Amino acid sequence: MLTPDPTFPPLLTGHAVPASADVFEDACRGAQDGRFGAGDFVWSRRTDTVSLALVLEPEVPASRSFEMLFLTMVAANDALGAITPPETALTFLWPDVFKVNGAKVGRARLATSDELDDDGAPLWLTVALEFRLAPLDGPLEPGETPDRTSLIDEGAVDLDRTQVIESLSRHLLTWIHSWDVDGFAPVLDNWLFRAEGYRGAHAVESVGGVVEGTFLGLDEEGNLLIKRDAASGGDTLSLRLREHLSSHSLEASEA
C-alpha cells in the first residue's frame with residue numbers, strides 16, 4: 001500500500017528526499033549553500049524509519065543553539081504521545097537518544113553554521129529526528145535485541161511514516177513558539193522530567209571511559225552535571241554536550 005506524502009503547517013515547507021539519502025546531511029548542505037532557509041522541512045521517503053530535519057535561522061547567540069536540541073526532543077515526546085498508546089512513552093538519554101522501555105528507538109541531531117551574523121547568531125541551525133518505525137531486519141523474537149526497539153514493537157502498530165512526520169511538524173512549531181515566548185526553562189523542565197537517571201545513579205560513556213555518579217541536572221550550556229561518589233573523589237563533573245553528540249545516523253551509530 002502506498003504511503004501518502006505528509007502535509008505541513010503553513011509555516012513549514014516540505015522537501016522529500018529519496019529513501020537512500022541522509023536527511024540530516026542533506027538539510028545541512030542545503031542550508032549551507034542557500035537552498036534551504038528557515039522553515040524548510042526535509043523528510044525521507046523511507047517507510048521503515050521516520051527521518052526528518054528542520055532548518056531554522058535563530059536570532060539568539062550561538063551559545064544558546066543547543067536549546068533547540070532539547071526542544072526538539074520534548075516536542076517529539078508530545079508528538080508521539082498524541083498518536084501512540086501509553087506504553088510507548090519515551091524517555092531521554094542525555095544528550096540525544098530516545099528510549100522506550102529501556103531500549104533505544106530514536107535519536108536527535110543538531111548542527112549549526114560556523115558563520116555568525118553581526119549579533120553573534122549562527123546563520124542557520126538544523127535539528128533532525130530519527131525514529132525506528134519497524135525493526136531494521138524484519139520481525140524479531142521478543143528480547144532478541146534488548147538494546148533497541150521500534151515504535152511498532154512497542155505497541156504503535158497502526159502508525160505509518162506520514163502520521164509521525166505530520167505530528168512531529170505540528171508539535172515542533174508549538175514548542176518553538178513556546179520557547180520564543182517563555183524561554184528555555186519550560187523546555188528544560190520537560191526534558192529533565194523524562195531524562196533517564198535524573199537525580200539518581202547514572203553512568204555516562206565519555207571520552208575517558210565510563211563516568212558514574214548522581215545525575216544532578218544540566219548547566220546553562222546543556223552540559224551534564226554528575227557528582228561522583230566519595231570513592232571516586234566526590235567531585236562534580238561537567239560533561240561537555242558537544243563532545244557527546246552523535247555525528248552519525250541512528251543506523252550507523254548502532255552498526
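Which residues lie nearest the centre of the largest pocket?

**Entry 1: ground rules.** I am reading a predicted model, in which local features need pLDDT of at least 70 and side-chain atom pairs count only at pLDDT 80 or more, while totals for chains, interfaces and linings use all residues. Residues are numbered from 1 along each chain as its sequence is written, and side-chain values use heavy atoms, with hydrogens and water left out.

**Entry 2: the largest pocket.** I looked up the lining and found 22 residues, of which L93, W94, P95, V204 and E205 lie nearest the centre. I noted that a pocket here is an open set of points on a 1 Å grid over the protein atoms alone, where a 1.4 Å probe fits and protein lies on both sides within 12 Å along at least five of seven lines, and that a lining residue has an atom within 4 Å of a point. The volume of the largest pocket is about 480 Å³, a volume being the space filled by probe spheres set on the points, which are joined across faces, edges and corners. The elements that give two or more residues to this lining are β5 (97-100), β6 (103-112), β8 (201-206) and α5 (241-244), and the largest share, 5 residues, comes from β8. These labels follow DSSP runs numbered from the N terminus, with helices (H or I) of at least four residues and strands (E) of at least two. By type, the lining of the largest pocket divides into 9 nonpolar, 6 polar and 7 charged residues; Ala, Val, Leu, Ile, Met, Phe, Trp, Tyr, Cys and Pro count as nonpolar, Asp, Glu, Lys and Arg as charged, and the others, Gly among them, as polar.

**Entry 3: two domains.** The domain assignment, which is automatic or from a database, gives domain 1 (13-194) and domain 2 (200-243). The lining of the largest pocket draws at least three residues from each of these domains. Taken over C-alpha atoms, the domain centres are separated by 25 Å, and 12 residues of domain 1 are in contact (heavy atoms within 4.5 Å) with 14 residues of domain 2.

**Entry 4: the second largest pocket.** This pocket has a volume of about 350 Å³ and is lined by 17 residues, of which L56, E57, P58, I176 and W179 lie nearest its centre. The elements giving two or more residues to it are β3 (49-56) and α3 (161-182), and α3 gives the most, with 5 residues. Its lining divides into 12 nonpolar, 2 polar and 3 charged residues.

Entry 5: I found D96 in the loop between β4 (91-93) and β5, and it counts as buried because its relative accessibility is 2%; buried means under 20% relative accessible area, with a 1.4 Å probe and protein chains only. Leaving out residues up to four places away in sequence, D96 touches L69, M73, G106, R107, A108, H244, L245 and S246.

**Entry 6: strands around β10.** Strand β9 (residues 209-218) runs antiparallel to β10 and is joined to it by 4 bridges, where pairing requires that DSSP finds at least two bridges. K227 in β10 is the bridge partner of T214. β10 also pairs with strand β11 (residues 236-239) in the antiparallel sense over 4 bridges, and there the bridge partner of I226 is L237.

Note on methods. Buried < 20%, exposed > 50% of the residue type's maximum accessible area, 1.4 Å probe, protein only.
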